[in-house]
Amino acid sequence: MARIRYDRLPTERPNPRSRALDRLSPVAIARLMNRADREAVKAVGRVAPVIGRAVTTVVARLGRGGRLIFVGAGTSGRLGVIEAAECPPTFNTGPGQVQALMAGGRRAVFRSVEGAEDDARAGARAVRGRVDRRDAVVGIAASGVTPFVRAALAEARRRGAFTVLVTCNPSAPRAAARVIVALRVGPEVLAGSTRLKAGTATKLTLNTLTTAAFTRLGKVHGNRMVDLQPKSAKLRARAERLVQDLGGVNAARAGTLLAEAGGSAKVAVVMACRRVTAAEARRRLRAAGGFLGPAAGI
């Protein structure tokens, strides 16, 4: 891998608007950062078509039994870990369907492991034996040149996986991934601190990618997360409301149906709408590819 000219990276440039940051009041700093954060939102909006292209292929890979794997270092890696951790409770994803690989391993999630991002061999090793041609691998690197991430993506491509790079460097090498989501966020308020605008834009992008992908896979009905796992009081209450609203039953009946459905709001809704048993509701859902609308007739 060629020598990296860090001084030329857009993520390293100082922001002229914040040159007096150390002399501003707390309120002035808050306002300045808020103005900067708006640029992150706009940056994601500008690449919506690119994210859409990535989602289309991710859906195809997941639909054929593949996995979605995030790879990153530092803040970028932690954002991938967060995204992977949120998918099971939100979309009831299967074990291992969404994963995250972090430079420096599990301990780096909680404590910085300096230098781990520079280990290209570790990046390649992290995906070797784990990734195959059914999978989609999303590399996350604000700078676009992180050796751990670049090597992981290269190894994933060699193994036939679909690759995406989410970066805040519009000049990231085109060969780094099949799809490059280049977020033009501009320099940070605190020069080089990519946990700020770059981190915000990256999180928004990952939110969009997973939400759009699992919506297309039948995990959402309308704008409701019908495949949630009701493992807390809040989520159980939400599941009961789903059965009431979509199934057209009262609270008591919703609770009974949920219990008979083993806690699955989706199964309970089909039971309510079709007046069938849990077993028949599951059969109808399988026949509908997991989509609630056709299975329940709503």
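Predicted model: local features only at pLDDT ≥ 70, side-chain atom pairs only at ≥ 80, totals over all residues.
User: Why is the pair of phenylalanine 91 and phenylalanine 214 called stacked?

Analyst: The ring centres of phenylalanine 91 and phenylalanine 214 are 5.1 Å apart, and rings count as a pair if their centres lie within 6.5 Å. The planes make an angle of 25°, and because planes under 30 degrees apart count as stacked, that is the term used here. The structure holds 1 aromatic pair.

User: What makes this pair a link between parts of the chain that are 123 residues apart in sequence?

Analyst: Phenylalanine 91 belongs to helix H3 (residues 74–91) while phenylalanine 214 belongs to helix H6 (residues 197–216), so the contact ties together two parts with that separation. Both phenylalanine 91 and phenylalanine 214 are buried.

User: How do you know that arginine 17 and glutamate 39 form a salt bridge?

Analyst: Their side chains meet at 2.6 Å, N to O, and since a salt bridge requires a Lys or Arg side-chain nitrogen within 4 Å of a carboxyl oxygen of Asp or Glu, the pair qualifies. Arginine 17 lies in the segment before H1 and glutamate 39 in helix H1, so the bridge ties together parts 22 residues apart in sequence. By this rule the count comes to 14 salt bridges.

User: Why are arginine 158 and glutamate 155 described as about one helical turn apart?

Analyst: They are described in this way because they are 3 residues apart in helix H5 (residues 147–158). Arginine 158 forms a salt bridge with glutamate 155, with the closest N and O atoms 2.8 Å apart. Arginine 158, at 61% relative accessibility, counts as exposed, whereas glutamate 155, at 6%, counts as buried. Salt bridges that share partners join Arg128, Glu155, Arg158 and Arg159 into one network.

User: What makes arginine 38 partly exposed?

Analyst: Arginine 38 has a relative accessible area of 48%, and because buried means under 20% and exposed over 50%, this value falls in between. Arginine 38 is placed in helix H1 (residues 26–46), and a positive surface patch includes Arg38, among others Arg35 and Lys42.

Key:
Residues numbered from 1 in each chain as written. Heavy atoms only, no water. Phe/Tyr/Trp six-rings, centres within 6.5 Å; stacked < 30°, edge-to-face > 60°. Helix = DSSP H or I, 4+ residues; strand = E, 2+ residues; numbered from the N terminus. Buried < 20%, exposed > 50% of the residue type's maximum accessible area, 1.4 Å probe, protein only. Patch = residues over 30% accessible without salt bridge, like charges linked within 9 Å, V, L, I, M, F, W, Y side chains within 5 Å. Areas by Shrake-Rupley, 256 points an atom, 1.4 Å probe, with all protein chains shown as cover. Lys, Arg positive; Asp, Glu negative; His and termini not counted. Charge placed at Lys NZ, Arg CZ, Asp CG, Glu CD.
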